[in-house]
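Subject: Structure for your review

Dear colleague,

I am handing over the structure that I have been reading through, and I would be glad if you could look at it alongside my notes. The sequence and the coordinates come first, and what was found follows below.

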Amino acid sequence: MATFFSLVRANFVMVLRQRAVIISSLGLAVISVLVFGYLFGDGGAAKIQLGVVDQDHSATSAQLTSQLQHNDSLAIAAGNQGDEQQALKNGKRDAVLIIPAGFGAQLAGGGAGAHLMVLYNQSNPVTAAQTKLAISAIVDGINRAAANQPGPVTLDEQGVAAKNLRNIDYVAPGMIGMLLMWANLTVAVQLVFWREQGITRRLAATPLAPIAMITGQLLARLLLSIAQEVVLIALAVWLFNIQIYGNLGLLALVIVLGAVTMLAIGFAVSSFFKKSQAANAAILLVSFPMMFLGGSYFPVNGISGVMGTIIHALPLYYLNDALRQIVNNGAGWAIIQTSVLVLAAWIIASLLVTWRAFRWQ
Amino acid sequence: MTQVELHSLSGAATPAASEIMLDVQSLVKRYGSRTAVNGVSFQVRRGEIFGLLGPNGAGKTTTLEMIEGIRTPDGGTALVGGLDIRKEKRAVQRIIGVQLQATSLFPELNVQETIQFFGAVYPKALKAKDLLALVNLSEKARAFPQDLSGGQRQRLALALALVNDPQIIFLDEPTAGLDPQSRRMLWDTVLSLRERGKTVILTTHYMDEAQVLCDRIAILDQGQIIALDTAAGLIGRLGAQSTIDCKLDGGAQASEVSELPGVTKVREANGRFVLQTRQMEPTLLALLRYATERGSALTDLQVRTPTLEDVFLDLTGRELRPEQA
């Protein structure tokens, strides 16, 4: 046990002294938070241009329109469907909400069949995502109202507040995810370096089991990741008043899961390289696009087609999604379940690859 | 990990001198169609310094690495301290110390931390401070391996080989690439290990090193031991003769010189005499007396004894180190 503690400590010192790893993980995340916080901190608060097409003309639809108008994050324009759709195409609207005829009546009759239609402007993914969040929260509010109490549609005010995201609110959880990627995928370079330099060969002449050394390295990186996240989150909360709506324990769990996912992938990657420089290049080549496609800086939920398929294969996408759900939306286990399962699948697949292909010497 | 005091290094309390510490039987290692080690057998007793001498590619390193548990033999076995390396690898590795031909270390750990790291791997370990003093590296405790000179790095590698206070120490070309002063220093340390009752197995392709350090030498060529004896025994087996080369003026005669004791052959040209002898010392004394009695001035005296280089040349018909010959 004392031996294992020494191993973890030595590995921790090693990782701590690799400035490139610290700079590319914590350094990059902190700089991003500072830039987005100070330069674009309020950018996200620009009002969403929402066109409302009221085809229902009922008391309920008037009530809904009025609620929307009172929402600080929305700028409402009312009009007919043709005009509003044209405005959406011209980029003058971020989204158009269509309240179909009979909506009020259906809602009053227990809500069966009541639905709203929303058209999004996909050209700006950030706004599109924010609009989606805003509208779905409104719909959510309507549904809850319909289910629980009779009377006029009311909005869940807390839900509305939560979706009024500044850029920094959106970016901060993305940086939590990105940090985990940069800090832990590079374990591949470390393992290949040991093998390439013959360090593992020297260790092979000692009674030290390779698995103990690898575990020591993984644990050291996990500890470093947690320490870095504490610094990053404290900074974001202190400087920019980032609200963490979700459970802190759940957040910690997802952070650990994310770190382990990246470590497992790095471990698998190390099986396929003989030169640490080549491993480094490969990790960079994967990490850099994933940093953006994984949605660390801007939302990628709305992207479809080939790009969408790629995005939905990326572990960082699911990690960021889970983190954002917890931090921004206060989501619980039910909401992040899918993301957690995908990350677990990545861990299992990576370990299988490692088990088949990894060579210590 | 318990720290033990350095003086326990000297604690080999009068062991039976004949105790076999290493018993290598018919080791074989193949790489594809090439047989790198082809049936190597030898035994090393406690307190011996045993040398594996041979050219590059002779199989020295592969032989050591099989005994150290780094490589798995394709045939044969090695009993290290009575333990079978194939069956009890970890137990063997706890009682041996290893210096590889090139030791690369963690670039992020300084010298002291590196020693502590390796110490932590064993159930018992010597203190870093004492080890650094032993290999004369105390002032470099805070330096990083990549900032050390070649000699300092070799001494660090030796310290790591000693960190678990091993009974048997394997040194693979410990002085390769070192300057003469560093080599001497390493020799002294290796000799001090024998004084402390340690058993040392080293490889080298420097015959002077083998001659100075080793109690017994196995000459390896093409994966096989072609001779095994003490340095003196190997050279003596050659039946080789020493050569005395000198200038004698005042009309010294080759016929008279050839009468001197032990002399087997004399060549003479322009007052320069080259004598072959089986008994170098009596011949040399007689030659000096002869010169004095005749009043001849004896100048440019050179005496050459045969070396392991000559032995290797004799056994294989090739130079031991052609690149440096």
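In chain B, 68% of the contacts with a separation of 6 or more are made by residues 24 or more positions apart. Please keep in mind throughout that this is a predicted model.

To stay with chain B as a whole, it holds eleven helices and 16 strands, and its C-alpha atoms fill a box of roughly 75 × 45 × 40 Å when taken along the principal axes. Of the 325 residues in chain B, 42% are buried.

Some of the strands of chain B can be followed from one to the next. Strand β2 (residues 20-31) of chain B runs antiparallel to strand β5 (residues 75-80) of chain B, and five bridges join the two; within β5(B), B:Gly75 is the residue that stands opposite B:Val28. β5(B) also pairs with strand β6 (residues 83-84) of chain B, again in the antiparallel sense, over two bridges, and here B:Val80 stands opposite B:Leu83 in β6(B). β5(B) and β6(B) make a hairpin with two residues between them, and in the turn B:Gly81 has a positive phi of about 55°.

For B:Glu173, phi is near 50°, and the residue lies in the loop between β9 (168-172) and α6 (180-195) of chain B. Is B:Glu173 buried or exposed? It has 23 C-beta neighbours inside 10 Å, and because the cut-off for a buried residue is 20 or more, B:Glu173 counts as buried. For B:Asp300, phi is positive at about 55°, but this residue is placed in strand β16 (residues 298-304) of chain B. B:Asp300 has 11 C-beta neighbours inside 10 Å and therefore counts as exposed.

Turning to chain A, helix α8 (residues 167-185) of chain A has 19 residues and reaches 27 Å from its first C-alpha to its last, which is close to the 27 Å expected at 1.5 Å a residue. Because 19 of the 19 residues of α8(A) are buried, this helix is largely enclosed by the rest of the structure.

The confidence in chain A calls for some care. Its mean pLDDT is 85, with 89% of its residues at 70 or more, but among its elements the mean pLDDT goes from a lowest value of 37 in helix α7 (residues 157-163) of chain A to a highest value of 96 in helix α12 (residues 248-270) of chain A. Over residues 150-162 of chain A, pLDDT stays under 50, and the model has 26 contacts beyond four places in sequence for this stretch. Where pLDDT is low, the predicted coordinates should not be read in detail.

Lastly, the two chains touch, and the contact takes 19 residues from chain A and 22 residues from chain B. On the side of chain A that touches chain B, α1 (2-16) and α10 (199-204) of chain A each supply at least two residues, and the largest share, seven residues, comes from α1(A). By type, the residues on this side of chain A divide into ten nonpolar, six polar and three charged.

With best wishes

Terms used. Residues numbered from 1 in each chain as written. Chains lettered and ligands numbered in written order. Predicted model: local features only at pLDDT ≥ 70, side-chain atom pairs only at ≥ 80, totals over all residues. Contact = placed C-beta atoms within 7 Å. Helix = DSSP H or I, 4+ residues; strand = E, 2+ residues; numbered from the N terminus. Nonpolar A, V, L, I, M, F, W, Y, C, P; charged D, E, K, R; others polar. Expected span 1.5 Å × (residues − 1). Buried ≥ 20, exposed ≤ 12 C-beta atoms within 10 Å, placed from the backbone. Pairing = 2+ DSSP bridges. pLDDT = per-residue confidence, 0-100.
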